[in-house]
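Hi,

Here's the structure I promised to pass along.

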Amino acid sequence: MSPLPELRYLSVSELFSSARALADHRPGLCTLRQVGTSRAGRAMHLLSVGHSSRAVLVVAGAHANEQTGGSTLLALAERVLYERELRADTSWHFLLCADPDGASLHVTPAPRTLFDYHLGFFRPAGPEQPEWSPSVLPPDRLPPETRTLLGVIDEVRPYLQVTLHGTDLGGSWVQLTKDVPGLAEPFAKSAAELHIPVETGPSDAVGWPASGPGVHVMPGPDSPTAYPSMPDDARHSTWYHAHRYGGLTAVVEVPMWAGDLVDDPAPHPAPAAALRHLARRLARDALQVERVLADALPRLPGPEGPLLRAARWALDLAPGLAGDWAAAPPPGATVAYVGSVDAFGRRLPLRAAAMLLRVLRETDDRAAPHLERLVAAWSEAFTEHFRARWVPLEHQVEHQTRTVVAAARHARDRAA
């Protein structure tokens with residue numbers, strides 16, 4: 001009988017309790033130990049299964065709002081326990097949550113609608129995100145969560161690091177720091193069986209080579225960036241730290257709500273005009289939130305907290321990103337790519353508005369009702385435009401699990 005709870009979104013404390021149950025269930029095979037402490041003093045734990053020097057590292061909770069990863073991590077750990085072949089010559093290490101402080105601030109564990117999801121939304125500013133902070137901060141200013149993650153990579157020296165990510169609305173895709181030949185086929189098969197669209201042109205991976213639909217390989221550190229205004233660059237993130245040990249990182253994205261507009265690989269008929277339109281909308285929507293913030297700011301008590309810092313961070317990205325989009329579109333822009341940009345352009349001001357709304361509600365500010373109506377309207381428009389449909393959590397978890405197992409097998413063959 002499984003020692004794990006019924007599948008659902010779990011808090012960090014519930015993740016720890018479940019990992020503890022697994023470790024107690026097979027004490028000769030599993031260990032659970034604290035490997036670090038967050039800025040607020042929350043413990044960070046690593047669950048290890050197996051004893052081989054050849055290692056896979058799985059990281060959950062790098063982004064507070066992407067909660068599927070915790071459930072996937074537990075499902076993977078249990079599968080490794082019961083499938084001897086997976087641990088025959090590989091040890092598996094599971095960092096339960098890379099950002100426990102952020103996880104404590106995202107408070108929508110079972111959203112029924114995109115509006116519900118945003119009412120409790122939190123995603124830290126870039127410098128406070130453990131995987132992204134090395135791309136925007138000098139080494140001596142890295143947060144303890146980042147230093148813990150880097151220390152775990154240094155200790156286990158994984159041939160494969162997998163970081164479990166997700167998106168609110170869209171499709172599934174994989175980002176690789178090095179190609180993993182053979183991964184695209186099982187990834188696509190899993191997505192098809194579980195009725196999850198494959199995001200063939202994610203804006204996160206514009207211009208990157210693809211080893212198959214939805215499987216994108218990051219370019220080298222000296223390659224130009226697609227969006228010059230963006231301050232953070234994946235190529236300077238913790239994802240590349242495994243390279244010093246001959247390893248690589250796979251970032252596995254899965255949606256909470258599916259939107260089939262992001263999987264059409266056909267050439268877009270008028271990408272330049274479409275992107276200019278999306279750039280104007282992004283600038284306009286961000287300005288609406290900026291005006292609410294400017295009006296309310298004199299009434300807000302100090303000091304500025306993580307919600308307000310994160311809202312400001314998102315708003316600060318909007319003008320430059322709108323300028324990037326208004327420039328010439330990338331060669332071969334597809335319907336899927338324009339759809340992904342459309343989703344990104346809706347997502348950024350919506351998240352800023354949602355986090356600002358939480359700040360205003362905490363102080364019962366008079367601007368809160370207006371901003372709540374805006375968050376509701378934008379959430380509904382996002383849902384309707386993309387014809388969003390909920391992806392059952394068991395499908396999200398199963399797809400991520402299958403993709404991680406396939407990546408481990410193919411990356412092992414690559415490293416052999």
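Quick one to start: is Arg42 buried, partly exposed or exposed? Bear in mind that this is a predicted model. Arg42 counts as partly exposed, because its relative accessibility is 36%. Its salt-bridge partner is Asp101, with the closest N and O atoms 2.9 Å apart. That pair links distant parts of the chain: Arg42 sits in the loop between strand 1 (30-37) and strand 2 (43-49), while Asp101 belongs to helix 3 (residues 100-105), 59 residues apart. Asp101 itself is buried, at a relative accessible area of 12%.

Another pair to look at is Arg347 with Asp168, a salt bridge whose closest N and O atoms are 2.8 Å apart. Arg347 is in helix 9 (residues 335-362) and Asp168 in strand 5 (residues 160-170), so this one ties together parts 179 residues apart in sequence. Both Arg347 and Asp168 are buried.

Then there's Asp295 with Arg299, at 3.0 Å between the closest N and O atoms. Asp295 is partly exposed at 41% relative accessibility, and Arg299 is partly exposed at 29%. There's also a salt-bridge network that links Arg54, Glu85, Asp89, Arg409 and Arg412. The total count is 25 salt bridges.

As for the overall picture, the protein chain has 11 helices and 10 strands. Buried residues make up 58% of the chain. On charge, there are 40 positive and 46 negative side chains, and the centres of the two sets lie 2 Å apart.

Cheers

How values were computed. Residues numbered from 1 in each chain as written. Predicted model: local features only at pLDDT ≥ 70, side-chain atom pairs only at ≥ 80, totals over all residues. Heavy atoms only, no water. Helix = DSSP H or I, 4+ residues; strand = E, 2+ residues; numbered from the N terminus. Buried < 20%, exposed > 50% of the residue type's maximum accessible area, 1.4 Å probe, protein only. Lys, Arg positive; Asp, Glu negative; His and termini not counted. Charge placed at Lys NZ, Arg CZ, Asp CG, Glu CD. Salt bridge = Lys/Arg side-chain N within 4 Å of Asp/Glu carboxyl O.
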